[in-house]
Amino acid sequence: MFPPLGLFRDIPCPQGEQCSLLACLFSHPPPNTNAGDQKNTIALDVHATYDESPVQDTPAPKKPRLQVTTEPSQAYPRSSSSSRTQPTAQGTPLANAARKSSQPATQKPSQLQSVARQVSPPPPPPPSRSKSTSNPRDVPSAEKPKAAFPPRHAPRESLNPRMLTKSPASHGVRLAILKKLHAAMTSLNSKMARQKEGPEDYLMLTPNELITMALDEEENVAKDNASIYSNVIKLRIVKLSKMSQDDWIKEVKSHLNQRYYKIPSNTSEPKKPKTLTTGLRIPEEIALAKKLVKSLEGLEEFGYVIKAPTTQEVENARKGVVESKGWEKCDRCSGRFQVFPGRREDGSLTTGGNCTYHSGKPVYPPKRPTDHITGPREAYFSCCNETIGTSSGCTKGQTHVYKVTESKRLASILQFETTPVQPEREPQPPVSFDCEMGYTTLGLELIRMTAVSWPEGKQLLDVLVRPMGEVLDLNSRFSGVFPEHYTQAIPYGTLPPNTDSATKEGGDIEPAPLQVVESPAAARALLFQFLQPDTPLIGHAIDNDLNACRIIHPTVIDTVLLYPHPRGLPIRMSLKVLCKKHLDRDIQTGGDQGHDSKEDAVATGDLVRVKAAGTWTLLKSKRWVFKDDRLVPPPGTPEDAAGDLILGRGAGQKRTSSG
């Protein structure tokens with residue numbers, strides 16, 4: 001037989017007094033009590049068991065050892081013939097209680113309850129709670145925060161995984177994981193409780209709220225990441241175990257906002273970056289920038305293209321694509337899949353289904369002197385801290401994606417073009433630019449281009465670009481471009497020049513919609529309007545941006561080359577790290593909202609300004625001077641010696657193309 005769950009304990013037994021079962025699932029009234037009296041007796045039992053004293057022939061214990069809370073269905077023995085023995089609050093067998101239940105039926109219901117089952121005296125009542133606040137702590141209302149929030153009514157749930165249509169794991173696995181998740185949350189909640197009372201006191205969660213929070217999170221992971229459920233939830237538990245108090249407060253606010261109410265945000269506005277000053281005039285900075293230009297000859301193996309592929313090379317690349325029948329290697333999971341530009345007959349763009357991968361880069365810890373004893377520390381992924389090789393990934397994409405790196409295959413899609421000479425235009429000042437790319441059926445294509453003037457940082461160009469292939473993934477996590485940007489974009493040239501924002505009726509500033517051009521070639525033509533072949537073009541890892549635009553420019557300043565990695569190419573310092581180190585500026589803080597290409601372009605230009613200021617300090621110590629906004633060396637020093645000083649070479653040392 002299955003164990004009784006108490007589902008029928010409030011339903012009268014159909015057999016009534018004729019029932020002879022020892023453990024009947026239904027309720028039975030006490031002897032000489034009709035159904036109407038039973039209802040009243042049960043109602044009284046909830047209140048009277050703690051107020052009425054036991055009958056006289058049962059001495060009350062001096063010190064209660066066990067407190068028992070009885071359910072209404074257990075208020076009376078189900079039958080006088082029941083022979084079950086069950087310890088009462090004082091350990092007395094039920095046979096004793098049955099003997100005492102033979103007292104006259106005129107006895108009060110509370111006395112009957114006390115005879116059937118003794119209950120220890122109630123605990124002292126908890127401090128009264130103010131009804132005007134939702135603070136779960138039992139503290140006087142005077143100590144609670146001034147800000148009052150609506151009451152929170154957490155459902156009463158057990159710590160048991162919720163039922164799903166398709167469970168990602170067995171019930172036992174889900175239950176074990178859920179208990180660990182709940183324990184990690186409870187630990188963080190307890191740490192907050194031990195702190196002094198403060199404005200965040202209302203964020204304390206009750207036991208029911210903690211259970212609900214754990215159930216919500218486990219259920220969401222089980223639904224959204226069923227294929228990698230175990231990895232995701234385990235990484236979440238590890239993250240909670242290492243989480244700081246501030247991060248936990250953010251987590252609680254997010255949970256309360258989603259389930260109960262909207263908590264007003266008290267976070268201050270992000271700190272604005274400090275204005276960079278070099279002490280130099282704009283013409284002087286431009287003169288110094290020309291000394292920072294580096295030739296790209298010899299760097300072709302690292303992705304820099306300095307010569308357009310020939311017609312024969314382009315034709316061979318096209319034949320190779322046809323012969324491969326669309327098979328590519330995924331740029332994320334390295335799996336093989338097939339791509340169909342123009343869509344297959346059934347409408348598919350790719351094969352292979354979903355893509356599971358790590359969105360972060362591998363991190364290799366530095367070597368320690370004790371590695372020969374303890375062994376080197378294992379490399380891990382920056383996105384989830386998972387050790388390399390232990391899981392297939394922590395992120396799931398809807399499709400596989402790929403990118404093209406060979407210049408001849410890039411040229412087979414759109415041929416490279418060298419910056420044209422424009423005799424009708426004057427020499428142009430330096431330009432700092434940044435591009436964002438997304439994955440299409442033709443590889444990694446240009447989807448946004450932003451250019452700003454240098455050193456002022458004023459916007460020259462900011463356009464969305466319609467790619468030539470069908471979009472597989474806009475790579476929004478990094479590009480910052482979402483589908484709604486395209487739906488809200490307007491054709492290029494619709495807005496007046498220098499229109500950055502608009503003021504709404506309430507006084508709020510609304511950014512102007514982005515303008516869109518129809519192809520990467522059209523975006524390239526717009527950029528050429530601000531360039532001459534000798535115009536310094538500034539970028540970070542500029543080979544990626546130039547290749548996406550199919551541009552060959554002879555005058556380039558790349559911050560990757562200005563601030564090289566200690567181990568040299570192909571390893572590169574990220575723009576975010578360089579800005580924090582040299583500008584004390586935090587960029588790319590949007591999280592899943594991606595990067596801001598204008599912010600990146602301005603930051604890249606400011607890194608060049610810092611390097612220009614350092615260059616001037618060095619040249620000035622060698623008695624270089626400015627005359628008519630030109631750098632003039634001391635007598636007897638050739639003008640091209642500035643490059644040797646900047647790079648730290650001796651006068652007779654051989655120069656290399658890579659600097």
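Biologist: What should I know before we start?
Modeller: It's a predicted model, so local features need pLDDT of at least 70, side-chain atom pairs count only at pLDDT 80 or more, and totals for chains, interfaces and linings use all residues. Residues are numbered from 1 along each chain as its sequence is written, and side-chain values use heavy atoms, leaving out hydrogens and water.

Biologist: OK, how many residues are in the largest nonpolar core?
Modeller: 30, with Leu181, Met185, Leu203, Leu205, Leu240 and Trp248 having the most contacts inside it. A core here is a set of buried Ala, Val, Leu, Ile, Met, Phe, Trp, Tyr and Cys residues joined through side-chain atoms within 4.5 Å; buried is under 20% relative accessible area, exposed over 50%, partly exposed in between (1.4 Å probe, protein chains only).

Biologist: And what does Leu240 touch?
Modeller: Leu181, Ala184, Met185, Leu188 and Trp248, not counting residues up to four places away in sequence. Contact means heavy atoms within 4.5 Å.

Biologist: Switching topic: how many aromatic pairs?
Modeller: Two. Rings of Phe, Tyr and Trp (its six-membered ring) pair if their centres lie within 6.5 Å; planes under 30 degrees apart are stacked, over 60 edge-to-face, the rest tilted. Trp616 and Phe626 make a tilted one, 4.6 Å centre to centre with 40° between the planes.

Biologist: Is Trp616 buried or exposed?
Modeller: Buried, at 14% relative accessible area. Phe626 is buried too, at 18%.
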